[in-house]
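Hello,

Here is the structure I said I would pass on. My notes follow below it.

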Amino acid sequence: MSFINFAGREIQCKIVYYGPGRCGKTTNLKYIYSKIRGNVRGKMISIDTKGDKTLFFDFLPLDLGKVGGFSIRIQLYTVPGQVHYNATRKLVLKGVDGVVFVADSLRVRREKNIESMQNLVDNLRDEGIRIEDIPLVIQYNKRDLQGGSVPILPLEVMEQDLNSHLKVPSFPASAVEGYGVFETLRAISKAVAKDVSRRVLSGRRADLQLGERR
Amino acid sequence: MDIVLMQEDLDRIESSLSRILEKSGAHCILLIDRSGQLISACGDKPPEDTVALAALTAANFGATAAIARMLGERDFSLLFHKGKEENIHFSSFGEDFLLVTLFNNDASLGLVRLHVEKAVRELSQIFENVFRK
């Protein structure tokens, strides 16, 4: 549920980073926070446990600049990945406008990725949203481990497991090293901005033009 | 569902919020939705903090609603946290909205509640019109 303020010419949207426990959702947000200038980002809030797991969510507001005369503000949230935190995940999904699914490239995490994607489908359905209808991108995280001692999944296998039906944009990434993080963010932000403007602004084109003439 | 507010809606909302500030002695008031989006703020908290406050208070409310359901209640429509010097009062209205009032020990809880209740009636009316458009 985005919030459109015609008076302040501002659109606020909510993007949620979803995925199994320890796949790197928080690391994505921390990397974004560390690389973005202070004037376009707000405070990052983390509700986590001492064991480094997200207990409730991480939160990072960003200014994306202007689209069609409107400032776009997005709020990034992560969910706790561990299976038993489902009630909390549902709370964070409330009012979501776009989802980044972060998948773990470790071979041993293959099942967890698939379970988490199914859990996303179920939780979105409870919110009244079909996964096919919401802006979604997939990130294959931890690609920096390729060629190391830990076996990782080939991208084709991950695509087959998670994206064969959805066919959404997907990005290999390493949230620790930073590659693929901004590509993912850019893709989801664009998709959300497009979706919100299609949903809302198209029906109010006259208001918009009137506002711009003022 | 999106919330789309025009200038006249926001003017009415802001005047309702600033009336609570004037009359109750509270020093900051936020109107947010349950997904954590800040809709309007009035008072002396810096904007950077209000965005985070909105996210955290919506989460707090969501968590408490889950407790309410375990007790057979649908929701707790009112929450109050008392600190040594700062206090915070939450009131939910409609399906989607929360009014968050911050006040210190110079203001009385009773007065805050009274004026919040009045404002909630006004705001419910405003949003009814917004959704009817």
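**Strand pairing and the contact between chains**

Strand 1 (residues 3–5) of chain A and strand 1 of chain B run parallel and are joined by three bridges. Strands here are DSSP runs of E with at least two residues, helices are runs of H or I with at least four, and both are numbered from the N terminus; two strands pair if DSSP finds at least two bridges between them. A:F3 has B:I3 in strand 1 of chain B as its bridge partner.

This is a predicted model, in which local features need pLDDT of at least 70 and side-chain atom pairs count only at pLDDT 80 or more, while totals for chains, interfaces and linings use all residues. Residues are numbered from 1 along each chain as its sequence is written, and chains are lettered from A and ligands numbered from 1 in the order in which they are written.

The contact takes 23 residues from chain A and 23 residues from chain B; two residues are in contact if their C-beta atoms, placed from the backbone, lie within 7 Å. On the side of chain B that touches chain A, strand 1 (3–5), helix 1 (7–24) and helix 2 (47–70) each supply at least two residues. Helix 2 of chain B gives the most, with nine residues.

Chain A has six helices and eight strands, in the order β-β-α-β-β-β-α-β-α-β-α-β-α-α from the N terminus. Its C-alpha atoms fill a box of roughly 60 × 35 × 30 Å along the principal axes. Of the contacts in chain A with a separation of 6 or more, 71% are between residues 24 or more positions apart.

Regards
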